[in-house]
There are 2 protein chains.
Amino acid sequence: MKYGYFDDENREYVITDPITPWPWINYLGNEDFFSLISNTAGGYAFYKDAKFRRLTRYRYNNVPMDNGGRYFYINDHDTVWSPGWKPVKTPLDKYECRHGLSYTRIKGEKNGLEAEVLFFVPLKSWCEVQKVKLTNNSPEAKSFKLFSFMEWCLWNAEDDQNNLQRNLSTGEVEIAGSTIYHKTEYKERRNHYAFYHVNSEIQGFDTDRESFVGLYNEYSGPQAVLEGKPRNSHAHGWSPVASHYLEIELKPGESKELVFILGYVENSDDEKWESKNLINKVKAKDAIEQFNTPGKVDAALKDLQKYWDDLLSGYVLNSGDERLDRMVNIWNQYQCMVTFNMSRSASFFEVGIGRGMGFRDSNQDLIGFVHQIPERAKERIIDIASTQFEDGGAYHQYQPLTKRGNDAIGGNFNDDPLWLILSTTEYIKETGDYGILDEMVPFDNDESRAKPHFDHLKASFYHVVNNIGPHGLPLIGRADWNDCLNLNCFSTNPNESFQTTENKSGGTAESVMIAGLFVVYGREFVKLCRQIGNNDEADAAEPHVDRMVDAIKKHGWDGDWYLRAYDFYGKKVGSKENQEGQIFIESQGWCSMAEIGRDEGMVHKALDAVKERLDCEYGIVLNNPAFTSYVLEYGEISTYPAGYKENAGIFCHNNPWIMIGETMIGRGEQAWEYYRKICPAYLEDISDLHKTEPYVYSQMIAGKDAHKPGEAKNSWLTGTAAWNYYAITRYILGVRPDYDGIIIDPCIPSSWKGYGVSRKLRGTTYNIKVENPDGVCKGVKEIRVNGKKCNDSIVSYSPGEVLDVEVIMG
Amino acid sequence: MKYGYFDDENREYVITDPITPWPWINYLGNEDFFSLISNTAGGYAFYKDAKFRRLTRYRYNNVPMDNGGRYFYINDHDTVWSPGWKPVKTPLDKYECRHGLSYTRIKGEKNGLEAEVLFFVPLKSWCEVQKVKLTNNSPEAKSFKLFSFMEWCLWNAEDDQNNLQRNLSTGEVEIAGSTIYHKTEYKERRNHYAFYHVNSEIQGFDTDRESFVGLYNEYSGPQAVLEGKPRNSHAHGWSPVASHYLEIELKPGESKELVFILGYVENSDDEKWESKNLINKVKAKDAIEQFNTPGKVDAALKDLQKYWDDLLSGYVLNSGDERLDRMVNIWNQYQCMVTFNMSRSASFFEVGIGRGMGFRDSNQDLIGFVHQIPERAKERIIDIASTQFEDGGAYHQYQPLTKRGNDAIGGNFNDDPLWLILSTTEYIKETGDYGILDEMVPFDNDESRAKPHFDHLKASFYHVVNNIGPHGLPLIGRADWNDCLNLNCFSTNPNESFQTTENKSGGTAESVMIAGLFVVYGREFVKLCRQIGNNDEADAAEPHVDRMVDAIKKHGWDGDWYLRAYDFYGKKVGSKENQEGQIFIESQGWCSMAEIGRDEGMVHKALDAVKERLDCEYGIVLNNPAFTSYVLEYGEISTYPAGYKENAGIFCHNNPWIMIGETMIGRGEQAWEYYRKICPAYLEDISDLHKTEPYVYSQMIAGKDAHKPGEAKNSWLTGTAAWNYYAITRYILGVRPDYDGIIIDPCIPSSWKGYGVSRKLRGTTYNIKVENPDGVCKGVKEIRVNGKKCNDSIVSYSPGEVLDVEVIMG
């Protein structure tokens, strides 16, 4: 069953039934101020950091799910309703939610009154704008009451949940005209407050939750709303909220537009106060002035749309398959940008108070957005590299506000360093900016220990070389990409982390996945060295890569597929010799991509084993057979019920590695089949089962061993977005930038007749037309550039030019 | 307005209106297994540790407040209702909640059907028993449907809130007959599971929240209940719950009793499984067998009542004032026991995941329960002392599960050590067990560094002596008793703790409160030394006390009251010289109790100043004038809005220090007035304003500078309980144990004619009758024991005897 449809023209997903199988959300904001918003207007807003600067309160995993947000209540005589259906849940005569790119538009109609609310964060602003358009579609005059409502979070979202013995006494507000100011803790150490404004005279307000909602009422029926009467309450402690009350009259056919603004302001110490205990409102008034008319709001929305036009113009596919086109051109790129903004911090599954930015996550995410915002990609690379240690190891996470490594988690995740080579080389290929290699970048956030960024890449490379185990394979450390495969951390206490419990001393567990990764990015490092003319470095590095290839062939092959690892005791992991977990996806992916033993048939065999043992209707599971008991020496992986998460779930992040592996050996049908299986737009019809949004990837889909295969979890913030974008655009569609030009090397189903790609790169616009007259999967027999035959498979850069590129497969 | 009444006969508070101004709660359990339960059955259960072993899920500060608990739903044809009104909130024909001692009984009636639920944790058990009695009071036969319901917490209450990306995949249950087992994470590192059972065949069940409640429904109307049809759902991940479904028929006048049991089981590694993936249920079945009939339940309740008869028999007052009697004989003692069990961990204001046991809190709490459970008091003292450092300092908190000091908070709260002298001397006076002084007690939890407990007291004493500041007064460290007066920690970053931010180096702020405390407990230490014949130690210690008295007189006196402190810069805190915070309560209390400068009139002056400047209608505020701006060098205290918490709130914990001070100078009227002002039973009539339970103390009542003076917060877990009990029983009623006998030294209003106290102590029963023929406040002119005149004001111990003690004041 479907709950809406794609409106590709407007780049929107249109939800037509509010009762989706899970809240289907969107993200507002692009730089500093962000909001999460569900299809019923649930969610919350924050400034930069979802933990430390939470503006509005939200309760995860609540009953009902997704309760709390920016709500509008309409009391139209006897009928109380909300434009987004929730929270009131009065059945609406009409409902529609349009999630667009950084904006959401929710429209409800009841008894001839239509209410449409547009939500977005204007570019370069620190506020969420809500334009409410009320239209009387009935033949009678209407007079009704409108209440806005939100609940303030007392800034630190974690403390807000837990420190009630303090928090219930600290809440402070100011009410001035039509603006409600949330100034809790402003008088002490905070240099910031928030406000909620409406561009109209109000007939009342509330700022105390209990007064407005009632102690025993639900959000679905606040006392003030039910009685159609605000309390004009002034919060002192307890739970401060903000609600405006407006009495509105509309003639038949008449419309009225109101603009609500939820904003954030910072003041320096010397400008905090207007007078004793009255906050300085100058900046709030400035922000209000910017957006306080429908005209200004519409103009700001246009700017936002223009911003997205630009971002999405770098890669435009015309394949004739509307589902593929909308994913490649709109939604997958959009999700990559959201992941850039949020890392793993705030979704409807990530509560925004836990982790900072992941070292490996952020490096990988970059391959999904580097073509959209190369300058910010560069900044991100530098931020990440600054948390690296001199030996090439790295903090596993760092905090977005401070940009410093997270001591509580520490390092020793031995795949981490290599991803820095991926992000940096992709950045250079995209931009041609070799200058990044000369940027001085601190180690361990210590400016005095800064070195050129190239040295960070070298340190990354040698961190593997210097941490080799008994089989010549890389030591795994706490874990490699699979955070849940903890081969050196034996945890018996349920109150400790699987990853950060003390390592077994002298642990020598080895990872075949890191080995494959090292071959891929080791070769990239060598290639980069040669590219910049540093042949000595290349010559020194190359033998290490070759040795690793040999080690994998000798100790990383199980006969029909690549092993996954050696455990603490030197026993094989991911082998026929095991009872459970005989085969794992990650090493098949990376060793295939590295083409280890390709000539000996290893790659084909391994990928065939993936097909046979790991593939299922909904995607490729992580391992097989699933673990049914806890394996102490394997760690968290075996704690999950079979078929979920890292225990034989379809952990979508790694499926593209197999897709790319398949393209290496030219199996276009298979690569495409894997792509389509987990691609959300193709899952729209099974939304009831899939549950999460049909326009973005989820982290995990329950695998074949699960109770309910095909059910997805943890949508939005996942490396899946970047890797799938990378797999489809670079390897299946085969259009990928390289140092000296653009490579065009498709690997597609033989039935495809062709497709077009418009790619903007380094000032060149490539209008690529791929034709497949012979019905092959792979192979290019001719490339013509502006009609002229090209002798190479690489089309070089021609800044300022528009090139027509004809590609004939065969 | 009142919402119920005291039933002293049954030692119950009876709530007759479910819509109390705040959830009014009770505690079930006395040793290992605990539950919190509100008057509408909200709350949760845990085993020992509310953070690490949470059995059922609860959401604090929710909308509506107190949503979630152990709920029963009745679907009686078209009417759906709950016996406790919530969560359904269908208006009931009758409602009553009786909070008794460790049990709660909630009764509702609707359309002739009565449902009474008795909740308690039987002694020595690891389960909560719920006996449901259904009675058909109508003239017609009734057939209806009963649903039980609770939501499992995935054990670690903090992780349960936040780690959704994992938790939504891990939930596992087993359903066997009428028992639902919650075995999440049991297959890995947990040695425990929980179960929910009913002693009757069921006609259906649910274990998946979404199936039962519906994704968009509220607890007030779960889909399964509204439709009268369970889903027989088996949870796999998401949110596991437990709901039994029973179809019941009752003839007119007929009753039926059902027993539900929520239990916790631990199995050792070798007995975890019945067979592959099926948990070993032997212990669960044993527990069920113990309580699975109404008869067994009733017997267990009798045992519980007998347990409380014993606990409360040690001090029985007959004053003729029923409010005073019920506080002294029942509720104040009850609260002290709950505080013993919970420390500050779990109430409706303390979320149970934050703090462990406080060093100073636990020592002080002991004076409220030492007479009830002296053996456990001893164990507690040893646990606390084990976290002390060799220099006498101490971890500020320790974890109840591990009994180890909390590294995250550390030490340096310089009042901490002295409270160990209070608890130990009170313990010895109560029991005569000098043996505790010879117990070998570790320092810093290191058994190899164990020394006799006496050495810990000595270390406590000398920790003050060795940490003296420029004025000869004790260095305050991070803070003294007032955690919010942070004179050496200057915090400018809103994300850091006021207490644990780095100390200013060389900080020499001094505390006059610790000075007074040192004089009181320094003298106690000297007295104890002499008592055990260690005169050398006494002689060595005494001059330090004398010097402290001099230092306070010289540097701790502001002319009309005692100073509070010297700050980091050596400036006075709590002085006329200050703009705000000119006078503080704590130093007035302790210096009065220590009688510093009594002969010079200091005590009288100070207490008069308290009356004039700090007293108000609802109690004594902490400081005056309240702070209206942030004072960086004072710390957290000035962050609160004026009149709340430590910033001029009535922080009830310290009010008894003033009461005791008043008794020192014989002002019985004043002591009594202060007692009554904050005593909950006297506030029952203003429940609308007071908000919290009229049967227990709250931590704080909003002071005279507050927006709403008289509004209380943070009920139940507060040192207020112990100190008020101590003040009323030991100093106002004046019956206090000493080393060699019981002291009887009342200080009462002159209008009191007399009162009786029955006190059991060291095997002696004292039936004390105090008469006040001359209408004095203080002074005893004659004591007769069994009719014989006693030459001393101390009546000695006579184990095995019952003594009639007549006390004539005058």
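User: What is the N to O distance in the salt bridge between the side chains of A:E174 and A:K281?

Analyst: This is a predicted model, in which local features need pLDDT of at least 70, side-chain atom pairs count only at pLDDT 80 or more, and totals for chains, interfaces and linings use all residues; side-chain values use heavy atoms, with hydrogens and water left out. Residues are numbered from 1 along each chain as its sequence is written, while chains are lettered from A and ligands numbered from 1 in the order in which they are written. A salt bridge is a side-chain nitrogen of Lys or Arg within 4 Å of a carboxyl oxygen of Asp or Glu. For A:E174 and A:K281, the N to O distance is 2.7 Å.

User: How many residues apart in sequence are the parts tied together by A:E174 and A:K281?

Analyst: Strands (E, at least two residues) and helices (H or I, at least four) are DSSP runs, numbered from the N terminus. A:E174 lies in strand 14 (residues 173–176) of chain A, and A:K281 in the loop between strand 21 (278–279) and helix 5 (282–291) of chain A. The pair therefore ties together parts whose separation in sequence is 107 residues.

User: How many salt bridges are there over all chains?

Analyst: Side chains of opposite charge can pair when their charged atoms come close. Between chain A and chain B there are six salt bridges. One of the pairs across the two chains is B:K691 with A:E210, the closest N and O atoms being 2.8 Å apart. Over all chains the count is 142.

User: What rotation superposes chain A on chain B?

Analyst: The copies are superposed by least squares on the C-alpha atoms of residues with pLDDT of at least 70 in both. The shift along the axis is 0.0 Å and the RMSD is 0.0 Å, for a rotation of 180°. That is the relation of a two-fold axis.

User: Why do the copies meet through the same surface?

Analyst: Contact means heavy atoms within 4.5 Å, and 84 residues of chain A are in contact with 85 residues of chain B. The copies meet through the same surface because the share of interface residues of chain A that are also interface residues in chain B is 100%.

User: What is the area buried between chain A and chain B?

Analyst: Buried area is the accessible area (1.4 Å probe) that two parts lose on being put together, summed over both. Carbon and sulfur atoms give 51% of the area buried between chain A and chain B. The area comes to about 7,300 Å².

User: Which residue is the bridge partner of B:T179 in strand 16 of chain B?

Analyst: Two strands pair if DSSP finds at least two bridges between them. Strand 15 (residues 179–182) and strand 16 (residues 192–198) of chain B are antiparallel and share four bridges. In strand 16 of chain B, the partner of B:T179 is B:H197.

User: At about what angle to strand 19 of chain B does helix 5 of chain B run?

Analyst: Axes are lines fitted to C-alpha atoms, for helices over the stretch in contact, and angles run from 0 to 180 degrees between N-to-C directions. Helix 5 (residues 282–291) of chain B lies across strand 12 (127–136), strand 15, strand 16 and strand 19 (255–266) of chain B. Its angle to strand 19 of chain B is about 145°.

User: What is omega of the cis peptide bond that joins A:N624 and A:P625?

Analyst: A:P625 is in the loop between strand 33 (623–624) and strand 34 (650–651) of chain A. A:A648 is found in the loop between strand 33 and strand 34 of chain A, and its phi is near 70°, a positive value in a residue other than glycine. For the cis bond from A:N624 to A:P625, omega is about -15°.
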